[in-house]
Amino acid sequence: MAAVTADQIRQERAVELKVYETAAVVTSNVVYVGCLLSFKPGSARVMNGVATANYRCAGICEGIVNDSGSFVSTITGNTAGTVRVRYSYGQEALFNCITAMYTYTNINNTALLKTNNEVEGTAVGTAALRQSVGAIVQLQSTNSVWVAIRRFGIAAATG
């Protein structure tokens, strides 16, 4: 299992809960349809999902929104921010995972982003690298789980 470098057809269910949003892609970053996206810290831009400190998961890339005025063959961010993606969250999606994560004690626990195509548990690394994707709702096989994709804030609310 590893990050992918091509568009994917991701299995989804509970799509009636799906929410769509758009965001500009980080300059020079290439994203893929069907893959997880991460918000760049201090920015409203997204990039190909990767376990990196201070990033947070945005959801799944659904497709390109091209306002650049020119043909776009790959979803690669530009400085102007005119290459954007439509992404979604709220639905349940099937993701690859490590075999050690495949245990009934992880049902309703939070899946963490490992790559643009994988989720994992605390094996992702330090707390700074961990991006919550959503709750594990069903075990599919020894290397895949269904995850209810949710949005999480960057910090706990005060008060």
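This is a predicted model: local features need pLDDT of at least 70, side-chain atom pairs count only at pLDDT 80 or more; totals for chains, interfaces and linings use all residues.
User: OK, take Asp67. Which residue does Asp67 form a salt bridge with?
Analyst: Arg84, and the closest N and O atoms are 2.5 Å apart. The pair links distant parts of the chain, 17 residues apart: Asp67 sits in the loop between strand S6 (56-66) and strand S7 (75-76), while Arg84 is in strand S8 (residues 83-89).

User: Is Asp67 buried, partly exposed or exposed? And what about Arg84?
Analyst: Asp67 is partly exposed, with a relative accessible area of 46%. Arg84 counts as partly exposed too, at 23% relative accessibility.

User: Next one: what does Arg151 pair with?
Analyst: Arg151 makes a salt bridge with Glu21, where the closest N and O atoms are 3.6 Å apart. Arg151 lies in the segment after strand S13 (144-149) and Glu21 in strand S2 (residues 19-24), so this pair ties together parts that are 130 residues apart in sequence.

User: How accessible are Arg151 and Glu21?
Analyst: Arg151 has a relative accessible area of 27%, so it's partly exposed. Glu21 is partly exposed as well, at 29%.

User: And Lys18, which side chain does that one meet?
Analyst: Glu12, in a salt bridge of 2.6 Å, N to O. Lys18 counts as buried because its 15% relative accessibility is under the 20% cut-off. Glu12, at 25%, counts as partly exposed.

User: Switching topic. What's the secondary structure like?
Analyst: The protein has 13 strands and zero helices.

User: How much of the protein is buried?
Analyst: 42% of the 159 residues count as buried. The accessible surface comes to about 7800 Å², and 52% of that belongs to carbon and sulfur atoms.

User: What share of the contacts comes from residues 24 or more positions apart?
Analyst: 63%, taken over contacts with a separation of 6 or more.

User: Last one, charges: how many positive and negative side chains?
Analyst: 12 positive and 9 negative, with the centres of the two sets 6 Å apart.

How values were computed
Residues are numbered from 1 along each chain as its sequence is written. Side-chain values use heavy atoms; hydrogens and water are left out. Helices (H or I, at least four residues) and strands (E, at least two) are DSSP runs, numbered from the N terminus. Buried means under 20% relative accessible area, exposed over 50%, partly exposed in between (1.4 Å probe, protein chains only). Contact means heavy atoms within 4.5 Å. Accessible areas come from the Shrake-Rupley method with a 1.4 Å probe; for residues, only the protein chains shown count as cover. Lys and Arg count as positive and Asp and Glu as negative; His and the chain ends are not counted. The place of a charge is taken as NZ of Lys, CZ of Arg, CG of Asp or CD of Glu. A salt bridge is a side-chain nitrogen of Lys or Arg within 4 Å of a carboxyl oxygen of Asp or Glu.
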